[in-house]
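User: I want to learn how to read the features of a model like this one. Can we start with pockets?

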Amino acid sequence: MSTNLASKLRTGLKPQQFIDGMEKNKEQFLAYYDGFAWDNEEDKEYFDSLNNRDDLRCVIIAADWCGDVVRNVPVVFKALENSGVPTEVLIIEQNYDVIDQFLTGGGRAIPIVVFTDTGGFVLGHWGPRPKNVQAVMTQFKKDNPDREAADYNEKIQVARAEMARQYGEGNGYHAVIVKELRSLIESF
């Protein structure tokens, strides 16, 4: 079964509309956005070269209240900014039918960055976090399946602190996201 998002293409917010409409975390989002810099010229040239492809579309499932959206979507926006790949954002609360096709460990985690062809057929997706950061949450959920456990909240705080450590200080993780996106796009 191949997932198709044709009915969702051209229904989302353009990147600037998403930013303009942010009611939460806008300042931090813009700090990551404005702080983006290419790690190397080769990656920049690769994303710029996507202008030669007219077969890709990008749909990002997101919301302004989510910390991972605030950290990661600015990088996706910047990487795709000059690529010519039409990019739009679907707000999760209005698109549970979409996010439910891209569950992370059985749950709704955002952002999910979906690449489709022009007909809406999904080619691949990325998210909600860089692989090294997501590995912390994946292990946590494996080790702590009972959300009602007395020490669950204490343990998730430890996991979140480790995820923050994996992201690192500053914007160094931006290069990791760019590499993961590039690897994904190169696969189709």
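User: Which helix gives the largest share of the lining of the largest pocket?

Analyst: Rolling a probe the size of a water molecule over the atoms shows where empty space is left. This is a predicted model. In the largest pocket, α7 supplies the largest share of the lining, six residues. α4 (67-80), α6 (131-143) and α7 (152-167) each give at least two residues to that lining.

User: How much space lies in the largest pocket?

Analyst: About 620 Å³. The lining has 24 residues, and those closest to the centre are Asp68, Ala109, Arg129, Met137 and Arg160.

User: How does the lining of the largest pocket divide by class?

Analyst: There are 11 nonpolar, six polar and seven charged residues.

User: Next, cores. Which residues of the largest nonpolar core touch the most other members?

Analyst: In soluble globular proteins, nonpolar side chains tend to be buried together. Here the largest nonpolar core has 58 residues, and Phe18, Phe47, Ile60, Ile61 and Phe77 touch the most other members. The largest share of this core, eight residues, comes from α4.

User: Take Phe47. What is phenylalanine 47 in contact with, leaving aside neighbours within four places in sequence?

Analyst: Phe47 contacts Trp38, Ala79, Leu80, Asn82, Ser83, Val178, Leu181, Arg182 and Ile185. Val178, Leu181, Arg182 and Ile185 are also among the buried residues of α8.

User: Then α8 deserves a look. Is α8 mostly covered or mostly open?

Analyst: Start with the geometry. An α-helix has 3.6 residues a turn, so residues three or four places apart point the same way. Helix α8 covers residues 173-186. Its 14 residues reach 20 Å from first C-alpha to last, close to the 20 Å expected. α8 is mostly covered, with 10 of its 14 residues buried. The buried set includes Tyr173, His174, Glu180 and Leu184.

User: Pro128 came up as a contact of Gln134. Which peptide bond joins glycine 127 and proline 128, cis or trans?

Analyst: Read omega. The bond from Gly127 to Pro128 is cis, with omega about 5°. Pro128 is found in the loop between β4 (122-126) and α6. The peptide bond from Ile110 to Pro111 is also cis, with omega near 5°. Pro111 lies in the loop between α5 (96-99) and β3 (112-116).

User: Last, phi. What is phi of arginine 10?

Analyst: Phi of Arg10 is near 70°, a positive value in a residue other than glycine. Arg10 sits in the segment before α1 (15-21). At 67% relative accessibility, Arg10 counts as exposed.

User: And what is phi of asparagine 25?

Analyst: Near 60°, again positive in a residue other than glycine. Asn25 lies in the loop between α1 and α2 (26-34). At 36% relative accessibility, Asn25 counts as partly exposed.

Methods. Residues numbered from 1 in each chain as written. Predicted model: local features only at pLDDT ≥ 70, side-chain atom pairs only at ≥ 80, totals over all residues. Heavy atoms only, no water. 1 Å grid on protein atoms, 1.4 Å probe; cavity = no way out; pocket = protein on both sides within 12 Å on 5 of 7 lines; lining within 4 Å. Points joined across faces, edges and corners; volume = space filled by probe spheres on them. Helix = DSSP H or I, 4+ residues; strand = E, 2+ residues; numbered from the N terminus. Nonpolar A, V, L, I, M, F, W, Y, C, P; charged D, E, K, R; others polar. Expected span 1.5 Å × (residues − 1). Buried < 20%, exposed > 50% of the residue type's maximum accessible area, 1.4 Å probe, protein only. Core = buried A, V, L, I, M, F, W, Y, C linked by side-chain atoms within 4.5 Å. Contact = heavy atoms within 4.5 Å.
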